[in-house]
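Please read them with the model open.

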Amino acid sequence: MKTENTKESVRLPGPDHPISIERNPARVVVSVASRVVADSRNALTLREATYPPVQYIPAEDVDFSLLEQTDRVTYCPYKGDCNHYSIPAGGRKSVNAVWKYENPFPAVSLIRGHVAFYPERVDEIAEQFPDVKKDWTNWIPRP
C-alpha cells in the first residue's frame with residue numbers, strides 16, 4: 001500500500017490489515033541481465049494483507065554497485081518513507097526496481113537495513129531451498 005509523495009497518518013497493522021515478517025529458510029537470489037544483484041541466506045518474507053509475499057534482503061547481500069538511487073520517494077502508512085533504486089543493466093524494465101525503508105515504523109522495524117525488488121522489474125527472484133539430506137546445516141536457526 002504505497003502512495004506517491006502523499007503523507008497519510010501512521011497506521012498500525014491489525015486484523016483488517018495484517019503484516020507479518022519471518023525469516024525465509026531459502027537462499028534468495030535476484031538476477032537482472034544475467035547478473036546476480038542479490039544473493040542471501042538471510043532474507044525476510046513480509047506478508048501484508050492480501051498482497052503477494054515480498055522478500056526483503058539484507059543490504060550486505062546486495063551488490064549496490066549495480067544499483068543507482070533515483071529521486072522517487074513513496075510513502076506507506078504502515079511502513080514509512082521508501083527510497084527507490086534502478087538497475088541500469090536491466091534497461092527501462094528495471095527503473096525503480098528496488099525499494100528500501102531507511103527508517104521503517106516500529107511495527108515493521110525488522111526490515112530496516114533490507115531491500116526488496118519488484119518481481120516484474122527483475123528477471124528472477126529465485127528461492128532455492130536446501131536439500132535437507134545434503135545440506136542440513138542451512139536449517140539450523142541463526143541468531
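With which side chain does the side chain of Asp 123 make a polar contact? Point 2 takes this up.

1. Basis. This is a predicted model, in which local features need pLDDT of at least 70 and side-chain atom pairs count only at pLDDT 80 or more, while totals for chains, interfaces and linings use all residues. Residues are numbered from 1 along each chain as its sequence is written, and side-chain values use heavy atoms, with hydrogens and water left out. The pLDDT is the predictor's confidence in each residue, from 0 to 100. The protein chain averages 91, and 85% of the residues score at least 70. Over residues 1–5 the pLDDT stays under 50.

2. Asp 123 and its partner. The side chain of Asp 123 makes a polar contact with the side chain of Lys 93, at 2.5 Å. A polar contact is a pair of N or O atoms within 3.5 Å; within protein, one must be able to donate a hydrogen and the other to accept it, and residues adjacent in sequence count only if both atoms are side-chain atoms.

3. Surroundings of Asp 123. This residue is in the loop between β10 (114–117) and β11 (124–128); strands are DSSP runs (E, at least two residues), numbered from the N terminus. Not counting residues up to four places away in sequence, Asp 123 touches Ser 31, Val 32, Ala 33, Ser 34 and Lys 93, where contact means heavy atoms within 4.5 Å. Its relative accessibility is 44%, so Asp 123 counts as partly exposed (buried is under 20% relative accessible area, exposed over 50%, partly exposed in between, with a 1.4 Å probe and protein chains only).

4. Tyr 56 and Trp 99. There are four aromatic pairs, a pair being rings of Phe, Tyr or Trp (its six-membered ring) with centres within 6.5 Å; planes under 30 degrees apart count as stacked, over 60 as edge-to-face and the rest as tilted. The rings of Tyr 56 and Trp 99 have centres 6.2 Å apart and planes at 85°, so this pair is edge-to-face. Tyr 56 is in strand β6 (residues 54–58) and Trp 99 in strand β9 (residues 98–100), 43 residues apart. Both residues are buried.

5. Trp 99 and Tyr 118. Here the ring centres are 4.4 Å apart and the planes at 50°, so the pair is tilted. Tyr 118 lies in the loop between β10 and β11, so its pairing with Trp 99 in β9 ties together parts 19 residues apart in sequence. Ring pairs link Tyr 56, Trp 99 and Tyr 118 into a cluster.

How values were computed. Helices (H or I, at least four residues) and strands (E, at least two) are DSSP runs, numbered from the N terminus.
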